[in-house]
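Keep the sequence and the 3D view side by side as you read.

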Amino acid sequence: YSVRDISSDRLAGTKTFPSLYGVKATIVASLTLILIHFCLVLTSNLPVGVKAGAFFSGSITSVLILMANEKRSDYYYSFWLDGMILLQAGIWMCSYL
């Protein structure tokens with residue numbers, strides 16, 4: 001998910017999903033993958049806490065992705081979006097305690 005550097009990717013000729021298909025298509029693809037993840041987790045035999053954690057972190061991530069654009073600072077992507085990986089890992093680990 002590299003919407004933040006789409007301008008530099010295009011200038012450099014780097015072929016990334018956002019530079020080839022645009023920001024909107026990248027956001028749709030990301031949200032579609034999150035939805036598929038939800039479906040896989042919900043239909044699994046994982047504990048309820050893990051399912052709730054996946055839903056919680058996926059929901060927050062979806063909102064952050066919807067708010068993403070080229071003009072957001074690197075801190076937005078580095079802290080908030082990349083931080084969602086740590087949030088999900090933490091929630092999953094806590095659900096097994």
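Helices H3 and H4 are roughly antiparallel to each other, a label used for angles over 145 degrees, while under 35 counts as roughly parallel, 65 to 115 as roughly perpendicular and the rest as oblique. H3 covers residues 23–42 and H4 covers residues 48–66. Their axes come within 10 Å and cross at roughly 175°. Axes here are lines fitted to C-alpha atoms, for helices over the stretch in contact, and angles run from 0 to 180 degrees between N-to-C directions. Helices themselves are DSSP runs (H or I, at least four residues), numbered from the N terminus.

Which residues make the contact? H3 brings Ile-27, Ser-30, Leu-31, Ile-34, His-37, Phe-38, Val-41 and Leu-42. From H4 come residues including Phe-55, Gly-58, Ser-62 and Ile-65. Contact means heavy atoms within 4.5 Å. By class, this contact of H3 with H4 has ten nonpolar, six polar and one charged residues. Ala, Val, Leu, Ile, Met, Phe, Trp, Tyr, Cys and Pro count as nonpolar, Asp, Glu, Lys and Arg as charged, and the others, Gly among them, as polar.

The model is predicted: local features need pLDDT of at least 70, side-chain atom pairs count only at pLDDT 80 or more, and totals for chains, interfaces and linings use all residues. Residues are numbered from 1 along each chain as its sequence is written, and side-chain values use heavy atoms, with hydrogens and water left out.

Now zoom in on Ser-62 in H4. Is Ser-62 buried or exposed? Its relative accessibility is 14%, so Ser-62 counts as buried. Buried means under 20% relative accessible area, exposed over 50%, and partly exposed in between (1.4 Å probe, protein chains only). Leaving aside neighbours within four places in sequence, Ser-62 touches Leu-31 and Ile-34.

Next comes H5, residues 74–95. The axes of H4 and H5 come within 8 Å and cross at roughly 175°. That makes H4 roughly antiparallel to H5. By class, their contact has 13 nonpolar, six polar and no charged residues. In H5, Tyr-76, Tyr-77, Leu-81, Gly-83, Met-84 and Ile-91 are buried. These buried residues pack against H4. H5 also has a kink of about 35°, centred on Met-84. The bend at a residue is the angle between axes fitted to the seven residues ending there and the seven starting there.

Finally, find Pro-47 in the loop between H3 and H4. Pro-47 is partly exposed, with a relative accessible area of 35%.

Definitions and conventions. Helix = DSSP H or I, 4+ residues; strand = E, 2+ residues; numbered from the N terminus. Expected span 1.5 Å × (residues − 1).
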